[in-house]
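Student: Could you walk me through this structure, please? I'd like to take it piece by piece.

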Amino acid sequence: MSKAVKKDVKKNSEWWRGGIIYQIYPRSFYDSNNDGIGDLNGITQKLPYIKSLGVDAIWISPFFKSPMKDFGYDVSDYRDIDPIFGTLEDFDNLVKEAAKLKLQVMIDLVISHTSSEHPWFIESASSRVNAKADWFVWADPKPDGTPPNNWLSIFGGSAWEWNATRRQYYLHNFLRSQPDLNFHNKEVRQQMLDVARFWLERGVHGFRLDTVNFYFHDAKLRSNPPVKEKKHVFDAPDSNPYVMQEHIYDKSRPENLIFLEDLRKLMDEYPHTATVGEIGDEGNVKLMADYTKKGKRLHMAYSFAFLSSLFSPEHI
């Protein structure tokens with residue numbers, strides 16, 4: 001293979017370097033059947049327009065089956081499309097038409113948590129002795145009946161919700177209807193890799209990974225310490241008690257890096273694919289460096305640090 005050809009192959013395989021990615025929120029993008037909700041066929045119809053803008057790829061926000069308590073970020077089936085958006089056949093057609101236009105298709109994967117209506121959680125919550133009993137983060141109460149530690153939900157209140165059937169609390173970093181998966185469980189990790197493979201096999205070119213630093217929690221369930229000094233937090237407003245803790249035990253755990261290396265190995269089986277992770281934490285710059293260690297973990301990462309009042313040349 002000549003040097004010129006090698007260079008061209010590398011360029012094509014790393015299209016994401018400098019590539020323009022156009023995010024599409026399907027619900028409000030284009031409604032193809034006049035039911036008041038945007039859908040996958042609507043995206044397909046508008047692909048020529050998107051291509052004309054000069055973009056290299058599209059990133060489609062969640063379209064999986066969901067009760068829509070968090071507008072799709074609460075998944076009840078990772079391997080199917082919510083009927084309001086269409087069908088798997090509609091998605092396959094979208095990917096096919098995008099390929100004709102040389103547009104890469106990335107999709108949103110929300111794997112830190114599921115919907116409380118997901119069959120996995122329903123089974124897990126049914127008893128302490130079932131096949132998925134340890135697939136979510138369960139913990140006994142303190143002797144006085146209160147939650148096991150002081151972890152807080154970004155959306156307000158305790159990150160723990162009581163389940164009367166199991167007589168235990170389950171963890172939810174977001175809505176109480178979004179229970180956190182237990183990534184310390186090997187079966188859970190493998191299931192999430194299998195979900196990614198399912199969509200890669202359907203032709204997607206990569207994933208935007210929601211809350212990518214929230215996958216693992218401290219296995220000892222240690223309480224977070226209070227902040228030592230007031231600082232600007234990018235993933236919650238100052239009015240939220242969440243900013244009063246140093247979140248060293250409920251997210252951004254070192255085990256996360258090992259899982260991302262396993263995910264990268266999977267991605268490397270599929271040429272021309274890429275990942276971009278959303279990182280919400282105070283140490284976002286260092287985390288982005290760690291999470292995108294060359295050739296080992298994510299291809300790209302981003303945070304909300306530039307979307308704040310601190311945005312200035314001096315701060316950057």
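Tutor: Let us begin with a term: a residue is called buried under 20% relative accessible area, exposed over 50% and partly exposed in between, using a 1.4 Å probe and protein chains only. This is a predicted model, in which local features need pLDDT of at least 70 and side-chain atom pairs count only at pLDDT 80 or more, while totals for chains, interfaces and linings use all residues. Residues are numbered from 1 along each chain as its sequence is written, and side-chain values use heavy atoms, with hydrogens and water left out.

Student: Okay, so is Pro254 buried or exposed?

Tutor: Pro254 counts as exposed, because its relative accessibility is 53%. Pro254 sits in the loop between strand 9 and helix 8, where helices (H or I, at least four residues) and strands (E, at least two) are DSSP runs numbered from the N terminus.

Student: And how far apart in space are Pro254 and Gln178?

Tutor: Their C-alpha atoms are 23 Å apart, and in sequence the two residues are separated by 76 residues.

Student: Who else is in that loop between strand 9 and helix 8?

Tutor: Thr211 is found there, with strand 9 covering 206–209 and helix 8 covering 255–267. Its phi is near 40°, a positive value in a residue other than glycine, and Thr211 is buried, because its relative accessible area is 7%.

Student: What about His272, is it buried or partly exposed?

Tutor: His272 is partly exposed, since its relative accessible area is 35%. His272 lies in the loop between helix 8 and strand 10 (274–278), and its phi, near 70°, is also positive in a residue other than glycine.

Student: Switching to the sheet, what is the strand order?

Tutor: The open sheet has six strands in the order 1-2-5-9-10-11, with parallel pairing, and two strands pair if DSSP finds at least two bridges between them. Strand 1 (21–24) and strand 11 stand at the edges with a single partner strand each, so one side of each is left without a neighbour in the sheet.

Student: How many bridges join strand 2 to strand 5?

Tutor: Four bridges join strand 2 (residues 57–60) to strand 5 (residues 104–109), and the two run parallel. Trp59 has Met106 in strand 5 as its bridge partner.

Student: Last one, where is Phe306?

Tutor: Phe306 is in the segment after strand 11 (300–302), and Phe306 is exposed, because its relative accessible area is 51%.
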